[in-house]
Amino acid sequence: MSKANKAKGQEKGRFTVSALTFAEMPRNNLSEVAFMGRSNAGKSSLINALLGVKVAHTSSTPGRTQRINFFAMPSWYIVDLPGFGYAKTSKAQRQRFGQAVEEYLTTRQALVAGVLIQDVRRDPEDEEQMVVAWADSRNILLIVAASKMDRLNRREQAERHRALEVQYGRPVHLISSRTGEGLDQIKAAIRGLGLTF
Ligand SMILES: Nc1nc2c(ncn2[C@@H]2O[C@H](COP(=O)(O)OP(=O)(O)OP(=O)(O)O)[C@@H](O)[C@H]2O)c(=O)[nH]1
Ligand SMILES: [Mg+2]
């Protein structure tokens with residue numbers, strides 16, 4: 001990371017804490033927005049693109065994020081969660097962070113919104129539907145982002161957009177962390193909660 005980027009990162013979104021237990025998580029009760037989705041969907045890339053600086057680890061190898069990572073924003077946190085649906089991590093390891101994520105999602109009081117990221121080329125599966133049901137049951141705002149739109153042409157984008165909105169039964173934002181398309185919509189939705197970038 002260049003010096004300039006590092007300085008920018010410190011000013012904008014700072015890697016703060018990497019946790020697996022509540023004891024390791026921030027205790028200042030600031031609001032948290034969790035980025036969720038299948039492994040390799042592009043969660044960490046979206047966080048970096050929103051911040052304009054590489055703070056979250058990304059990789060073409062799924063299962064890169066194995067802890068709950070908190071990035072400090074002005075008076076709130078972006079939370080990067082390990083991806084679901086990845087089978088190659090050892091079972092013991094998966095159980096460890098799986099439990100941590102479940103506990104986080106079901107009981108964390110500071111959690112005010114979720115951003116569900118899914119590859120625009122895929123259809124939602126059980127795990128995505130569970131996230132939707134979870135958000136509804138906890139009354140948490142869920143922003144759905146369909147990632148990697150740069151992989152499709154305009155016509156395919158429109159088709160997938162329609163199909164995904166029908167399947168989710170709610171608005172879906174098409175985004176690309178590579179080109180920056182759609183990121184303003186995600187920022188606007190988060191700003192709607194009174195959280196600033
Ligand atoms: N073309 C394209 N590739 C993307 C985009 N976003 C992410 N990727 C690629 O997708 C792969 C996975 O991205 P990550 O951001 O590491 O995914 P993740 O959801 O954090 O994955 P885990 O940490 O394993 O759960 C990487 O090779 C990224 O470069 C995008 O908008 N467009
Ligand atoms: Mg990641």
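The largest nonpolar core of this predicted model has 44 residues, and those with the most contacts inside it are Phe 35, Val 79, Val 115 and Ala 145. A nonpolar core here is a set of buried Ala, Val, Leu, Ile, Met, Phe, Trp, Tyr and Cys residues joined through C-beta atoms within 7 Å. Buried residues have 20 or more other C-beta atoms within 10 Å of their own, exposed ones 12 or fewer, and partly exposed ones fall in between, with C-beta atoms placed from the backbone. Of the chain's 197 residues, 35% count as buried.

Let's look at Ala 145. Setting aside neighbours within four places in sequence, Ala 145 is in contact with Leu 46, Val 115, Leu 116, Ile 117, His 173, Ile 175 and Ile 186. Being in contact means that two C-beta atoms, placed from the backbone, lie within 7 Å. Across the chain, residues 24 or more positions apart account for 73% of the contacts with a separation of 6 or more.

Now for the overall layout. The chain has six helices and seven strands, and along the sequence they follow the pattern α-β-β-α-β-β-α-β-α-β-α-β-α. These are DSSP runs numbered from the N terminus: helices are H or I with at least four residues, strands E with at least two.

Next, find the loop between β5 (111–119) and α4 (126–138), where Val 120 sits. Val 120 is buried because 25 other C-beta atoms lie within 10 Å. Beyond four places in sequence, its contacts include Ala 146, Ser 147 and Leu 174. Leu 152 is 32 residues from Val 120 in sequence, yet their C-alpha atoms are 8.7 Å apart in space. Arg 121 lies in that loop between β5 and α4 too, but Arg 121 counts as partly exposed because it has 13 C-beta neighbours inside 10 Å. Not counting residues up to four places away, Arg 121 touches Lys 148, Arg 151 and Arg 160.

Finally, turn to ligand 1. Of the 24 residues around ligand 1, Gly 42, Ser 44, Ser 45, Thr 65 and Gly 83 come nearest; a residue is near a molecule if its C-beta atom, placed from the backbone, lies within 6 Å of it. Helix α2 (residues 43–51) gives the largest share of this shell, three residues. By class, the shell has three nonpolar, 15 polar and six charged residues. Ala, Val, Leu, Ile, Met, Phe, Trp, Tyr, Cys and Pro count as nonpolar, Asp, Glu, Lys and Arg as charged, and the others, Gly among them, as polar.

Residues are numbered from 1 along each chain as its sequence is written, while chains are lettered from A and ligands numbered from 1 in the order in which they are written. As the model is predicted, local features need pLDDT of at least 70 and side-chain atom pairs count only at pLDDT 80 or more, whereas totals for chains, interfaces and linings use all residues.
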